[in-house]
Number of protein chains: 2
Amino acid sequence: MGSESLFNRIANDESTKARTGRVTTAHGTVDTPAFMPVGTQGTVKGLTQQMLEDAGASIILGNTYHLFLRPGHTRINQLGGLHRFMSWGRPILTDSGGFQVFSLNELRKLTEEGVEFQSHIDGSTHFLSPEKSIDIQAALGSDIVMAFDECTPFPATRDEAIASLKLTQRWARRSKQRLSDLHSDAANAERSGITVVNQTQALFGINQGSTFLDLREQSLAGLVEIGFDGYAIGGLSVGEEKSAMFEVVSHIAPLMPEDRPRYLMGVGTPEDIIGAVNLGIDMFDCVMPTRNARNGQLFTSRGKLNIKNARYKKDGQPIDDACRCAVCARYSRAYVRHLYMSGEILGAVLTSLHNVSFYLDMMSMMRQAITLGTFKEFSDSFLSGLARGQD
Amino acid sequence: MGSESLFNRIANDESTKARTGRVTTAHGTVDTPAFMPVGTQGTVKGLTQQMLEDAGASIILGNTYHLFLRPGHTRINQLGGLHRFMSWGRPILTDSGGFQVFSLNELRKLTEEGVEFQSHIDGSTHFLSPEKSIDIQAALGSDIVMAFDECTPFPATRDEAIASLKLTQRWARRSKQRLSDLHSDAANAERSGITVVNQTQALFGINQGSTFLDLREQSLAGLVEIGFDGYAIGGLSVGEEKSAMFEVVSHIAPLMPEDRPRYLMGVGTPEDIIGAVNLGIDMFDCVMPTRNARNGQLFTSRGKLNIKNARYKKDGQPIDDACRCAVCARYSRAYVRHLYMSGEILGAVLTSLHNVSFYLDMMSMMRQAITLGTFKEFSDSFLSGLARGQD
């Protein structure tokens, strides 16, 4: 965490706000726009680390909430940190745990200090605060740490949104202070029972403000004043209309510091991602490719394909003949459908691998188009393919 | 199927009956002693075909019963056969379906003609006969076809065992006739609604006779009179004492034709396999490595390891430090345990890959020891490792 930017812009598209760049971390670089497959419990569901590497994942996301509960951040810390624990040598971003605590937990008690909540695994009571969240993320040793925020519920009144973003603001300051304390003095970490395994962790602040554009601005100004290595847009994709989400992104993205990565949290569909890249967003994460895969929904260049559909019973074609992934290179729709219908593990593995590869390849195509100055053409053509609405 | 042997013996161990050789098929060669991972529903549970190839699987087994019911042998036939359907270019052996019908099905009606049974999937009624089983296996296009047998239940009286082996004998003859008819005249296949996709399928006969040694001999003599490309020992590992199993194998294996592969069906533990190789057996199949993996039981050079055991929580060592597999090269016990306890797909994938690799590597070490004339030493040393009884 420092004043020097970890982000180098490489190219800006001429006719849109899309940009490409490179984020540098202790575990290597991430070319942006980048999609981060979600590795909730220290694994991107259904994929081996080798598959992720081969598919071109340059960074993955780990969930602080889940890893804190199981196997526990001190355990992972003792085993050398999350990279070593899961044998993943490339960059990792960890979320703050805020989103899970606020969205997955019915039973929680919010105070200025932090949040008390019950584990979804065994109902046991736990407490997360900015300091605790940062301690956990330091124990995990991720390359990018997220400040602990309150994910403002949707819908929220203006007063609720103000109160929430102000709390998030105070928590952001405490988050930064805590990470600085841990990195500057090993004794601070020792008192929390952890060892700092990655001295070069970057810290991102999280923009809130619900769908109120002036509150989004106010939140952003507060974060910039504190100063972060990157800025994330939180509190979207939580139930609001798609148009409201894009209104916020198109308003706030251009106001975010140009020399820092911009991360739109929890988004989204291929269409959403293309739309947000168009507005200047650099980083994304979403469970959609893996979760939908396990439900039989596959992303293709001609729209979504439901592998359960009987029309694929005799279909010897690959999932997507325009796709370059390891699944499309080797297996047919009929075979993948058979595996899925038979409840075979390999069904979940192959559908997940295809979907994650589809997302990663789409990001790669976007980066190339931005570099070539043809993002608008790429985007129009790709979106029209998606709109064909295969199922 | 012909009088020329598909089996070339390469070496015999001097101090035991162990032997090494090579089985040649249209899809490549299989060095023996060989273990065949079981691909019940057109997939070895938990593994990609790439993982199987990398782990050194030279042949896998497909289950006629399961593929007949789902997705159906005609469907697979229309899609080019099982090799193409599952994208597996190496040899495949298919069982006859007899074992599943007789062991998995409560509801069945046995006549001279064949067996009527209810599907375990939807209760629908089906009929399997020697001709039907061979038709299915021809539709699948496996490299090694098994004659349709009655797997004699255990325990059986002498009279029951005699009746059963005689039925199996008559069915063996019908099986051979049917495969010959299908291969010699495409019209025969067409009338069954299938296309022969592999003209060079070999056919193995199955020895029965329960634990009566003279009946085993009688059964074998009958099979040899008919003439098969290889000979299997069936009806073992079905509930009898281990000593009874080895009594049968040690009695019958030396009587089996030396110039044909000898296949001990459904066996077994690493100790069982080493013991049977010692008696001159060439081929094995068993669900144990994959099924036990999904239950958290791992095979190691120091005995079985139960990954659920709390002692592995903080264990940064590989599953087996003597193992050369892709899992042991990359992941720790603590990580694999975490995945298993969290119900993650990757847990099943990694445990299955380790166990299958362990079996395949053990076979490779046996082949090498036999070639070097050191099988006895290898076997003593390996068995004493297994006996350390890690858990």
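Okay, let's start with a definition: two strands pair if DSSP finds at least two bridges between them. Strands themselves are DSSP runs of E with at least two residues, helices are runs of H or I with at least four, and both are numbered from the N terminus.

Quick housekeeping. This is a predicted model, where local features need pLDDT of at least 70, side-chain atom pairs count only at pLDDT 80 or more, and totals for chains, interfaces and linings use all residues. Residues are numbered from 1 along each chain as its sequence is written, chains are lettered from A and ligands numbered from 1 in the order in which they are written, and side-chain values use heavy atoms, with hydrogens and water left out.

So, the barrel in chain B. Eight is the number to remember: the closed barrel has 8 strands, in the order β4-β5-β6-β10-β11-β12-β13-β14, and the pairing is parallel. On average, neighbouring strands there are turned by 30 degrees against each other, direction ignored. For angles, axes are lines fitted to C-alpha atoms, for helices over the stretch in contact, and the values run from 0 to 180 degrees between N-to-C directions.

Zoom in on one pair. β10 (144–146) and β11 (202–207) of chain B run parallel and share 3 bridges. Which residue of β11(B) is the bridge partner of Ile144(B)? That's Ala202(B). Helix α15 of chain B, residues 345–372, packs on this sheet and touches β4 (34–39) and β14 (283–286) of chain B. Contact, by the way, means heavy atoms within 4.5 Å. The direction of α15(B) makes about 160 degrees with that of β4(B).

Now the other sheet in chain B. It's open, with 3 strands in the order β1-β2-β3, paired antiparallel. β1 (7–12) and β3 (28–32) of chain B are at the edges with a single partner strand each, so one side of each has no neighbour in the sheet. β2 (19–25) and β3 of chain B are joined by 5 bridges, and Arg22(B) sits opposite Asp31(B). And α15(B) shows up again: this helix lies across β1, β2 and β3 of chain B, at about 120 degrees to β2(B).

Over in chain A, β1 (7–12) and β2 (19–25) run antiparallel with 5 bridges. A hairpin through 6 residues links β1(A) to β2(A), and Arg9(A) stands opposite Gly21(A).

Next, a helix pair. In chain A, the axes of α14 (333–341) and α15 (345–372) come within 7 Å and cross at roughly 130 degrees. That makes α14(A) oblique to α15(A); angles under 35 degrees count as roughly parallel, over 145 as roughly antiparallel, 65 to 115 as roughly perpendicular and the rest as oblique. On the α14(A) side, the contact is made by Tyr335(A), Val336(A), Leu339(A) and Tyr340(A), and on the α15(A) side by Leu346(A), Gly347(A), Leu350(A) and Thr351(A).

Last thing: how do the two chains relate? A rotation of 180 degrees, with 0.0 Å of shift along its axis, superposes chain B on chain A with an RMSD of 0.0 Å. The two copies are thus related as by a two-fold rotation axis. Within chain B, the C-alpha nearest the axis belongs to Ile345(B), 3.6 Å away from it.

Notes. Copies are superposed by least squares on the C-alpha atoms of residues with pLDDT of at least 70 in both.
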